[in-house]
Amino acid sequence: MSSKPASKVVAPLKDELDIVIPTIRNLDFLEMWRPFFEQYHLIIVQDGDPSRKIHVPEGFDYELYNRNDINRILGPKASCISFKDSACRCFGFLVSKKKYIFTIDDDCFVAKDPSGEEINALAQHIHNLLTPATPFFFNTLYDPYREGADFVRGYPFSMREGAPTAVSHGLWLNIPDYDAPTQLVKPRERNTRYVDAVLTIPKGTLFPMCGMNLAFNRELIGAAMYFGLMGDGQPIGRYDDMWAGWCTKVITDHLGLGVKTGLPYIWHSKASNPFVNLKKEYKGIYWQEEIIPFFQSVVLSKESTTVQKSYIELSKLVKEKLGPIDPYFQKLADAMVTWIEAWDELNSAPAAAPAADGAKKDASSSTKKK
């Protein structure tokens, strides 16, 4: 089916939202997203060799941070930011000063709905975040705040105001987000199923969070969106978003916040190498059989009244309960504390975000031309 190119797209919350993109390559994929992204500010976190020049198409307002910037801005605390892994994206969450964050991978393109219309994923995420969630009582018509839907018979009226939505988890057409063993046995499988639904993940239920199409309220849950220690120098990879998702879900449940999943879809264009992935994942595949029961059973104290306090308490429990599995978890627990220290240091006052070495030059040379 053909579709008309988007033009003059309304940009909700354009002054309240940053788009965070981790990358090791030129960002030509932004051309497809131009109608939807060009009115927003981008925070690009360059992974790998900081001397490599990353090309960003003209017309975008952006800051570009590389490893040298991370080391300069965070000093010794830079040890909590992963290297050679997409987990580096959480540095963008750290330096943003906006209320909302949308993060997307550079191999994700604009998808089309069944009618052939291009999907404005960002607008759908914003809608998800600005409408309440229903984590405490499941509505069988899914999102009751959507046009054409409501609460079903038997839904308690006292719960119909819902809870603030902290996280909007989007999905993907084409290449599924599979682990390496599933990739190996289903190398040609593609997701062609478009489900026109958004639902709230119930309280007490974990989920596998994917970071390639994700939005969240930074003020409500940003301090818990730490993607852990992954990649270079670590015994595990490809569990960065999983770790952030488990931690975040425990804390949103504890604080009475909601997490939504479903719409919007993006088009995931490129499958990563399953053999490389298996090398990154194999310890995590074993470890998750103990990690997940830990998160399912963890209970935070009533003294943990903020995200930061909750996260620090969770880090102590990680060290105590998961530390015996492998020394990595003791190191990870320490990094969780370092992350909160860095968060509080950079977000204690409404000061301007620290600039990257090339940020001012990049922003001035690439700001939209009228």
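T165 is found in strand β6, in a model that is predicted rather than determined by experiment. The mean pLDDT of the protein is 93, and 92% of its residues reach 70 or more.

**Surroundings of T165**
- T165 counts as buried because its relative accessibility is 2%, and buried means under 20%.
- Leaving aside residues up to four places away in sequence, T165 touches N128, L129, T131, P132, A133, N217, L220, G258 and K260.
- T165 and F216 are 51 residues apart in sequence, and their C-alpha atoms are 8.2 Å apart in space.

**Salt bridges**
- A search of the whole structure finds 14 salt bridges.
- K260, one of the residues that T165 touches, forms a salt bridge with D143, and the closest N and O atoms are 4.0 Å apart.
- K260 lies in strand β9 (residues 258-268) and D143 in the loop between α4 and β6, so this pair ties together parts that are 117 residues apart in sequence.
- Both K260 and D143 are buried.
- D253 forms a salt bridge with K249, with 2.9 Å between the closest N and O atoms.
- D253 and K249 are separated by about one helical turn, because they are 4 residues apart in helix α7 (residues 240-255).
- D253 is buried, and K249 is buried as well.
- Salt bridges that share partners join E31, R34 and E38 into one network.
- E31 is partly exposed, with a relative accessible area of 42%.

**Nonpolar surface patch**
- On the surface, L184, V185, F275, L278, Y282 and Y286 form a nonpolar patch, with about 660 Å² of accessible area together.
- Helices α5 (180-185) and α8 (274-297) each supply at least two residues of the patch, and the largest share, 4 residues, comes from α8.
- V185 lies in helix α5 and counts as exposed because its relative accessibility is 65%.

**Annotated site**
- An unreviewed UniProt entry carries the annotation "glycosylation site", which covers R153.
- R153 lies in the loop between α4 (121-130) and β6 (165-174).
- With 85% relative accessibility, R153 counts as exposed.

- Over residues 1-6 pLDDT stays under 50, and the model has 12 contacts beyond four places in sequence for them.
- The pLDDT is also below 50 over residues 360-370, a stretch with 19 contacts in the model beyond near neighbours in sequence.
- Where pLDDT is low, the predicted coordinates should not be read in detail.

How values were computed. Residues numbered from 1 in each chain as written. Predicted model: local features only at pLDDT ≥ 70, side-chain atom pairs only at ≥ 80, totals over all residues. Heavy atoms only, no water. Patch = residues over 30% accessible without salt bridge, like charges linked within 9 Å, V, L, I, M, F, W, Y side chains within 5 Å. Areas by Shrake-Rupley, 256 points an atom, 1.4 Å probe, with all protein chains shown as cover. Salt bridge = Lys/Arg side-chain N within 4 Å of Asp/Glu carboxyl O. Buried < 20%, exposed > 50% of the residue type's maximum accessible area, 1.4 Å probe, protein only. pLDDT = per-residue confidence, 0-100. Contact = heavy atoms within 4.5 Å. UniProt positions renumbered as here; feature names shortened; annotations may be inferred.
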